Structure formats: C-alpha cells, structure tokens
Amino acid sequence: QVQLAESGGGLVQAGGSLRLSCAASGHTFSNYNFAWFRQAPGKEREFVAHISRSSGNIYYVDSVKGRFTISRDNAKNTVYLQMNSLKPEDTAVYYCAARYTTQSSYNYWGQGTQVTVSS
C-alpha cells in the first residue's frame, strides 16, 4: 500500500502562485510514477501532470503547459506541483496519484486539496 497526503492548497487571486505537495509513505517512493489530477465542481476528474520514476518523462495537459511544473524529491518522498499564473478556471480539488508502471492504472490516491482562484 502507498499512502498519499496532499497539502498546499488554498485561496489565491488570479495571477498568483501556489505549490502543492504530495507526501508518500508505505512503499519505496522511487519505484512509483506520480501524477496530479483535478476535479472542478460539476466536472469530471482531469489529468494535469505526470512525472516518471527518475523524472525523465514529464508531461502536462495543454491547459497548464508553461504555467505548472511537476517535480519530485525522492529523498523526501514528496511530489510537488508548482502552479504559477493561476486562473479562475484552475479552481478545483487537486489529487495526487501513484502507479507502479506506466501500463497500470493509478492505484493510489490522496484525499485531495482545494485550490480556489478568485478573479
């Protein structure tokens, strides 16, 4: 089992920044691929960003490219999502997820952290 705990959400004005953290425990952190998803009210959950085990493979949904940066610190068992130039449409609950291989589903999920961007 992998336990994930997100933090860092909050209320920010449009154009501002937030950094989300996802602390992982329970298994060898460096063995897992991680991603951030988000779900806005009344909408389906949406993929935001992915980072591979060694950080060698990173990709983003088009709507956040150039504004968000995903990273990981294997020594701290933590994944980050730096969010800059935030827009009201970024408002959502953000979830961290983990999977062992890129061919598997995301088996492990955190409880989510709320991000609200005011206009």
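Me: Are Asp90 and Arg38 buried or exposed?
Reply: Asp90 is buried, and Arg38 is buried as well. Please note that this is a predicted model.

Me: What links Asp90 with Arg38?
Reply: A salt bridge links them, and the closest N and O atoms are 3.0 Å apart.

Me: Where do the two residues lie in the chain?
Reply: Asp90 is in the loop between E8 and strand E9 (92-99), while Arg38 belongs to strand E4 (residues 33-39). The pair links distant parts of the chain, 52 residues apart.

Me: Which salt bridge does Asp90 form with a closest N to O distance of 2.7 Å?
Reply: That is the salt bridge with Arg67.

Me: Why does Asp90 count as buried?
Reply: Asp90 counts as buried because its relative accessibility is 1%. Arg67 also counts as buried, at 10% relative accessibility.

Me: How do Lys65 and Asp62 count in terms of relative accessibility, then?
Reply: Lys65 counts as partly exposed because its relative accessibility is 49%. Asp62, at 60%, counts as exposed.

Me: Why can such side chains pair at all?
Reply: Side chains that carry opposite charge can pair when their charged atoms come close.

Me: Changing topic to the strands: in what order do the 4 strands form the open sheet?
Reply: The order is E1-E3-E8-E7, with antiparallel pairing. The edge strands are E1 (3-7) and E7 (68-73), each of which pairs on one side only.

Me: How many degrees are neighbouring strands of this sheet turned against each other on average?
Reply: The average is 15 degrees, with direction ignored.

Me: How many bridges join E7 to E8?
Reply: There are 6 bridges between E7 and strand E8 (residues 78-83), and the two strands run antiparallel.

Me: Which residue in E8 is the bridge partner of Phe68?
Reply: The bridge partner of Phe68 is Met83.

Me: And through what do strands of a sheet pair?
Reply: Strands of a sheet pair through backbone hydrogen bonds, in either a parallel or an antiparallel manner.

Key. Residues are numbered from 1 along each chain as its sequence is written. This is a predicted model: local features need pLDDT of at least 70, side-chain atom pairs count only at pLDDT 80 or more; totals for chains, interfaces and linings use all residues. Side-chain values use heavy atoms; hydrogens and water are left out. Two strands pair if DSSP finds at least two bridges between them. Axes are lines fitted to C-alpha atoms, for helices over the stretch in contact, and angles run from 0 to 180 degrees between N-to-C directions. A salt bridge is a side-chain nitrogen of Lys or Arg within 4 Å of a carboxyl oxygen of Asp or Glu. Buried means under 20% relative accessible area, exposed over 50%, partly exposed in between (1.4 Å probe, protein chains only).
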